[in-house]
Amino acid sequence: MPGLETPAHAGAMRLQVRGLTVRFGGLAALTDVDLDVADGQVVGLIGPNGAGKTTVFNAVCGLVRPAAGTITVAGRPAARSASGLAPAGVARTLQGLGLFPGLSVLENVEVGALATPGGAPGSSTADRARRALADLDLADRAALPVGALPYPEQKRVALARALVAEPRLLLLDEPAGGLGAADIAELDATVRRVASRGCAVLLVEHHVDFVMGVCDRVVVLDFGRVIADGLPDAVRRDPAVTAAYLGIEVTR
Ligand SMILES: Nc1ncnc2c1ncn2[C@@H]1O[C@H](COP(=O)(O)OP(=O)(O)OP(=O)(O)O)[C@@H](O)[C@H]1O
Ligand SMILES: [Mg+2]
């Protein structure tokens with residue numbers, strides 16, 4: 001029987017992190033972090049600046065080597081390098097944009113399709129990229145240099161570049177950063193659509209209302225440690241969380 005924190009629609013465990021510890025020289029960036037994301041589930045990872053959120057992503061993606069702990073994706077050890085990500089069905093967006101400003105919108109999205117077969121048989125990376133763009137209402141932007149787009153559309157291109165790989169685990173690092181209410185509402189719908197197809201989503205975000213609305217569960221990091229993990233409402237009311245994070249947010 002699913003527990004309180006595992007919604008009925010959640011499927012098999014996609015990402016499992018146990019005892020993850022990462023050090024940068026003398027700095028303990030992560031200490032003994034546990035984290036689970038099931039297929040079809042949206043899990044939020046929040047916490048103050050420098051809490052270690054992006055470092056969790058980098059560890060899952062094999063970009064930083066843990067001092068201790070295990071990370072499995074669909075029961076297998078996570079990729080040890082970026083080249084192992086796509087074959088394991090993992091895609092991420094970067095904090096900020098991370099787009100190639102000299103390339104067109106289409107070329108940026110094609111980059112995300114190169115490492116994975118995916119799509120209908122015989123479809124080219126350009127075909128797949130066009131479909132991913134159309135899914136995010138960017139079909140008519142394909143030929144433009146990506147830098148010519150307004151910021152919210154560039155954020156959608158970054159998302160399309162991750163989604164074109166048809167990931168089973170999607171890591172989103174501050175997808176709502178710099179977006180207004182209308183764009184966040186669209187992003188919310190997109191994240192729900194992706195999860196409803198069975199993709200596991202781990203979402204790092206500072207935008208508390210968005211996180212609490214879209215996520216099935218929220219994990220809070222503070223100074224590299226998990227200080228709360230539960231349903232959004234419970235996490236929001238948790239005094240330790242308010243002190244560490246939400247207290248800071250509401251005074252902004
Ligand atoms: N490659 C690195 N080398 C050394 N220190 C690092 C490295 N990456 C991150 N850190 C440090 O580890 C800590 C956690 O950083 P991280 O980027 O994971 O935080 P974050 O929660 O994503 O913060 P933000 O909300 O500002 O993005 C910080 O103190 C950061 O300075
Ligand atoms: Mg970060």
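1. Glu166 lies in the loop between α4 and β7 (169-173); helices (H or I, at least four residues) and strands (E, at least two) are DSSP runs, numbered from the N terminus. The phi of Glu166 is near 50°, a positive value in a residue other than glycine. Glu166 is buried, since 21 other C-beta atoms lie within 10 Å. A residue counts as buried if 20 or more other C-beta atoms lie within 10 Å of its own, as exposed if 12 or fewer do, and as partly exposed in between, with C-beta atoms placed from the backbone.

2. The model is predicted: local features need pLDDT of at least 70, side-chain atom pairs count only at pLDDT 80 or more, and totals for chains, interfaces and linings use all residues. Residues are numbered from 1 along each chain as its sequence is written, and chains are lettered from A and ligands numbered from 1 in the order in which they are written. The chain has a mean pLDDT (the predictor's confidence in each residue, from 0 to 100) of 90, and 91% of its residues reach 70 or more.

3. Asp137 belongs to the loop between α3 (125-135) and α4. Asp137 counts as partly exposed because it has 13 C-beta neighbours inside 10 Å.

4. Helix α1 (residues 53-60) is largely enclosed by the rest of the structure, because 6 of its 8 residues are buried. The buried residues of α1 are Lys53, Thr55, Val56, Phe57, Ala59 and Val60. Gly62, which follows α1, has a positive phi near 75°.

5. Helix α2 (residues 105-114) and helix α4 (residues 151-163) have axes that come within 7 Å and cross at roughly 35°. Here axes are lines fitted to C-alpha atoms, for helices over the stretch in contact, and angles run from 0 to 180 degrees between N-to-C directions. The crossing of α2 and α4 is right-handed. From α2, the contact draws on Val105, Asn108, Val109, Val111 and Gly112, and from α4 on Val157, Ala160, Arg161 and Ala162; two residues are in contact if their C-beta atoms, placed from the backbone, lie within 7 Å. By class, the residues of this contact are 6 nonpolar, 2 polar and 1 charged. Ala, Val, Leu, Ile, Met, Phe, Trp, Tyr, Cys and Pro count as nonpolar, Asp, Glu, Lys and Arg as charged, and the others, Gly among them, as polar.

6. The chain is divided into domain 1 (1-89 + 167-252) and domain 2 (98-166), with bounds from an automatic or database domain assignment. The C-alpha centres of domain 1 and domain 2 are 24 Å apart. Between the domains, 9 residues of domain 1 are in contact with 11 residues of domain 2. Helix α5 (residues 181-196) gives the most to the side of domain 1 that touches domain 2, namely 3 residues. That side of domain 1 comprises 6 nonpolar, 2 polar and 1 charged residues.

7. Pro232 is placed in helix α7 (residues 232-237). Pro232 counts as partly exposed because it has 17 C-beta neighbours inside 10 Å. Leaving aside residues up to four places away in sequence, Pro232 touches Met212, Cys215 and Val218. The C-alpha atoms of Pro232 and Ala243, 11 residues apart along the chain, are separated by 16 Å.

Definitions and conventions. A crossing is left-handed if the near helix is turned anticlockwise from the far one by less than a right angle, and right-handed if clockwise.
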